[in-house]
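Subject: Structure handover

Hi,

Here is the structure for you to look at. My notes follow below it.

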Amino acid sequence: MRDFYIRDSDWCVRVYCLDESFDSRPILGDLRALKPKDKDLLIVKDMLQNEGLNWGFTFSSYKDRKTLMVIGPAESQKEYFGTINHESFHLAKHIAQCDGLDPFSEEVAYISGGIAGEIYDAFKDIICLHCR
């Protein structure tokens with residue numbers, strides 16, 4: 001688990017990059033702190049217990065400007081990179097929606113790329129270890 005801060009957006013992000021033997025309790029604790037709807041909490045619980053490879057999720061509290069992002073285990077580096085990119089895009093859209101930005105703008109594309117770069121910097125030493 002790593003945290004980073006997106007200064008230009010005043011947004012805090014906690015990211016878990018998981019391998020196949022992860023413990024879901026800390027993730028669920030972090031999710032509960034963001035006060036999701038019961039329906040969303042149940043969806044995430046099910047995902048954490050039943051998903052295999054090549055998955056992730058991103059949940060944001062717009063009020064608190066905080067996000068929990070989870071990158072699940074992957075079958076390959078390509079799939080892992082794809083999940084990071086996918087979840088980074090979700091976070092960029094959350095920031096855009098919160099700040100009233102055009103989700104198709106170049107600004108949001110830069111936000112998405114910056115997020116992926118932050119995740120890479122935080123996990124570059126272990127990314128390959130999370131692939132089969």
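A definition first: the expected span of a helix is 1.5 Å times one less than its number of residues. Helices (H or I, at least four residues) and strands (E, at least two) are DSSP runs, numbered from the N terminus.

This is a predicted model, where local features need pLDDT of at least 70, side-chain atom pairs count only at pLDDT 80 or more, and totals for chains, interfaces and linings use all residues. Residues are numbered from 1 along each chain as its sequence is written, and side-chain values use heavy atoms, with hydrogens and water left out.

**Helix H3**

H3 has 23 residues. From first C-alpha to last it reaches 33 Å, close to the 33 Å expected at 1.5 Å a residue. Just after H3, Gly 100 has a positive phi of about 70°.

Buried residues in H3 include Tyr 80, Glu 87 and His 94. (Buried is under 20% relative accessible area, exposed over 50%, partly exposed in between; 1.4 Å probe, protein chains only.) Their cover includes strands E1 (2–6), E2 (11–17), E3 (56–61) and E4 (66–71), plus H4.

**H3 against H4**

The axes of H3 (residues 77–99) and H4 (residues 106–123) come within 8 Å and cross at roughly 130°. Axes are lines fitted to C-alpha atoms, for helices over the stretch in contact; angles run from 0 to 180 degrees between N-to-C directions. H3 is therefore oblique to H4. (Under 35 degrees is roughly parallel, over 145 roughly antiparallel, 65 to 115 roughly perpendicular, the rest oblique.)

Contact means heavy atoms within 4.5 Å. On the H3 side it involves Ile 84, Ser 88, Phe 89, Leu 91, Ala 92, Ile 95 and Ala 96. H4 supplies Val 108, Ile 111, Ser 112, Ile 115, Ala 116 and Ile 119. By class that is 11 nonpolar, two polar and no charged. (Nonpolar: Ala, Val, Leu, Ile, Met, Phe, Trp, Tyr, Cys and Pro; charged: Asp, Glu, Lys and Arg; polar: the others, Gly among them.)

**H1 against H2**

The axes of H1 (residues 24–33) and H2 (38–50) come within 11 Å. They cross at roughly 165°, so the two helices are roughly antiparallel. Ser 24, Ile 27, Leu 28, Leu 31 and Arg 32 of H1 meet Leu 41, Val 44, Lys 45 and Leu 48 of H2. This contact has six nonpolar, one polar and two charged residues.

Asp 10 has phi near 55°. It sits in the loop between E1 and E2 and is partly exposed, at 43% relative accessibility. Asn 54 has phi of about 65°. It lies in the loop between H2 and E3 and is partly exposed, at 26%.

Best wishes
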